[in-house]
Amino acid sequence: MNMNNVHYLPEEELVQKALAALMSTLGPVETMRFLTISRAGRMESVLRHQQWQSTLDRNAFYDAVFAEE
């Protein structure tokens, strides 16, 4: 395959094919479970980051990041 002639599916078709593959392999219940787990994991990382930011001392952080070695 020539790498210069790569063809990408339109986004809507890609989503439809991916969902069809999940449904045929996992079934409807496990497909929904997978899609929910993906979003829940992302939300958890965002919340974890927000908690870290809330305890951050901005001046100490900037001093550590921009300190000359």
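Does Phe61 count as buried, partly exposed or exposed, and at what relative accessibility? At 33% relative accessibility, Phe61 counts as partly exposed. Buried here means under 20% relative accessible area, exposed means over 50%, and partly exposed lies in between (1.4 Å probe, protein chains only). Phe61 lies in helix α2.

The model is predicted: local features need pLDDT of at least 70, side-chain atom pairs count only at pLDDT 80 or more, and totals for chains, interfaces and linings use all residues. Residues are numbered from 1 along each chain as its sequence is written, and side-chain values use heavy atoms, with hydrogens and water left out.

**Overall fold and surface**

The chain has two helices and zero strands. Both element types are DSSP runs numbered from the N terminus (helices H or I, at least four residues; strands E, at least two). Helix α1 covers residues 11-54. Helix α2 covers residues 58-66. Of the 69 residues of the chain, 3% count as buried. Accessible areas come from the Shrake-Rupley method with a 1.4 Å probe; for residues, only the protein chains shown count as cover.

Thr31 is a buried residue, at 2% relative accessibility. Thr31 lies in helix α1. Leaving aside residues up to four places away in sequence, Thr31 touches Leu22, Met23 and Leu26 (contact: heavy atoms within 4.5 Å).

Side chains of opposite charge can pair when their charged atoms come close. The structure holds three salt bridges. Each is a side-chain nitrogen of Lys or Arg within 4 Å of a carboxyl oxygen of Asp or Glu.

Lys17 pairs with Glu13, with the closest N and O atoms 3.5 Å apart. Both residues lie in helix α1, four residues apart, about one turn of the helix. Lys17 is partly exposed, at 48% relative accessibility. Glu13 is also partly exposed, at 30%.

Arg33 forms a salt bridge with Glu30. Here the closest N and O atoms are 2.9 Å apart. Arg33 and Glu30 both belong to helix α1 and stand three residues apart, about one turn of the helix. Glu30 counts as partly exposed, at 33% relative accessibility.

Glu44 and Arg48 meet through their side chains at 3.8 Å, N to O. Again both residues lie in helix α1, four residues apart, about one turn. Arg48 counts as exposed, at 52% relative accessibility. An α-helix has 3.6 residues a turn, so residues three or four places apart point the same way.

**Helix α2 and its start**

Of the nine residues of α2, the number buried is zero, so the helix lies largely in the open. At its start, a side-chain oxygen of Asp57 reaches to within 3.1 Å of the backbone nitrogen of Asn59. The cut-off for such a polar contact is a pair of N or O atoms within 3.5 Å; within protein, one must be able to donate a hydrogen and the other to accept it, and residues adjacent in sequence count only if both atoms are side-chain atoms.

**Aromatic pairs**

The structure holds three aromatic pairs. The rings of Trp52 and Phe61 have their centres 5.9 Å apart and their planes at 80 degrees, so this pair is edge-to-face. Trp52 is partly exposed, at 41% relative accessibility. The rings of Tyr62 and Phe66 have their centres 6.1 Å apart and their planes at 50 degrees, so this pair is tilted. Rings of Phe, Tyr and Trp (its six-membered ring) pair if their centres lie within 6.5 Å; planes under 30 degrees apart count as stacked, over 60 as edge-to-face and the rest as tilted.

Tyr62 and Phe66 both lie in helix α2, four residues apart, about one turn of the helix. Tyr62 counts as partly exposed, at 41% relative accessibility. Phe66 counts as exposed, at 63%. Ring pairs link Trp52, Phe61, Tyr62 and Phe66 into a cluster.

**Nonpolar patch**

The four clustered aromatic residues also take part in a nonpolar surface patch, together with Leu56 and Val65. The patch spans about 600 Å². Helix α2 gives the largest share, four residues. Patches are made of residues with over 30% relative accessible area and no salt bridge: like charges are joined within 9 Å, nonpolar side chains (Val, Leu, Ile, Met, Phe, Trp, Tyr) within 5 Å.
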